[in-house]
Amino acid sequence: MVKPSVPISFEEFKFSVEEIEEFLRGAPPDEKLLKPYTPKLYRLKTGEPVVIRAVDKSEAPAMLQSLKQLIDHNYDKDFYHLVAVRLYSEILAWIQNRIKDHYALVATNADGELMGIVNHRFASPELCISLHTIALKRAERLGIMLYAAKIEHAFDFVGAKEWWATFESPFGYRMGFRLQHGMKPWPEFQHELGGGRVFYITKERWDRVVKPDLIQRGLMGERPVPEDLLKKSMPLKPTQKIEIEI
Ligand SMILES: CC(C)(COP(=O)(O)OP(=O)(O)OC[C@H]1O[C@@H](n2cnc3c(N)ncnc32)[C@H](O)[C@@H]1OP(=O)(O)O)[C@@H](O)C(=O)NCCC(=O)NCCS
């Protein structure tokens, strides 16, 4: 406790928790950065349809419930445990207003069951920060396809100029390598996820190289999603069967 150098009219002030909350949550969400993503369709090797769409906060319980199963040392393999726990905390921070301009996309099967999640947040209108990618069914290229979908949201829907990612696992790094990210000098530039290296894509490179390559490899999906399929994908249901052994 430090005594002020001049007399102060009152001994103490009282603040309501509602006044404090305004400071804790930062600015209200910027709707220009959270432009709605147009859903798209992807097909598994069997031809089964997968819907890629944005989620809203009311659907967070299904994501949290699914991720919770992976928060266990039994899932340390391929870094699923670490990514699940970090993503869980980000989804929680989103619904409790502790993260700036956060956006999440999911993949669901035809019954609306969760198959994968990606999320990102906007540091500014120009800079989008990639957070996490998780595929709950593997060997279907669901992860890389979802990762491409969130970059598409940042560049093609919102108009960001740069995408900053870091990779926490060899499978994640492989995705970044395949999408030809550049690397910022390290440690001068550090990603907010633990100070890792920043791997980046510019909007110019996305348009000229990365997106055409994704289209050619069938990883950009198709639009529109048939109305009845889209309806069935909502509300989001938790993953019944996690299929991550490959
Ligand atoms: C990273 C991640 C999202 C990538 O998902 P994905 O693109 O769907 O890829 P998968 O993890 O299913 O890996 C499939 C790859 O495994 C390999 N693979 C699959 N089955 C195989 C087998 N039987 N034998 C050998 N290799 C096999 C193939 O190389 C395949 O890649 P390809 O489809 O391009 O040929 C996913 O692995 C994941 O969620 N990992 C845990 C969390 C994580 O690390 N997130 C990224 C953090 S940066």
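View 1. Axes are lines fitted to C-alpha atoms, for helices over the stretch in contact, with angles from 0 to 180 degrees between N-to-C directions; contact means heavy atoms within 4.5 Å. Helices (H or I, at least four residues) and strands (E, at least two) are DSSP runs numbered from the N terminus. The model is predicted, with local features needing pLDDT of at least 70 and side-chain atom pairs pLDDT 80 or more, whereas totals for chains, interfaces and linings use all residues. Residues are numbered from 1 along each chain as its sequence is written, and side-chain values use heavy atoms, leaving out hydrogens and water.

**View 2. Pairing of E3 with E4.** Strand E3 (residues 102-108) and strand E4 (residues 114-122) pair in the antiparallel sense over 7 bridges, where pairing requires that DSSP finds at least two bridges. Tyr103 has His120 of E4 as its bridge partner.

**View 3. Surroundings of Lys100.** Lys100, in the loop between helix H3 (80-95) and E3, is partly exposed at 38% relative accessible area (buried is under 20%, exposed over 50%, partly exposed in between; 1.4 Å probe, protein chains only). Leaving aside neighbours within four places in sequence, the contacts of Lys100 include Leu33, Arg121 and Phe122.
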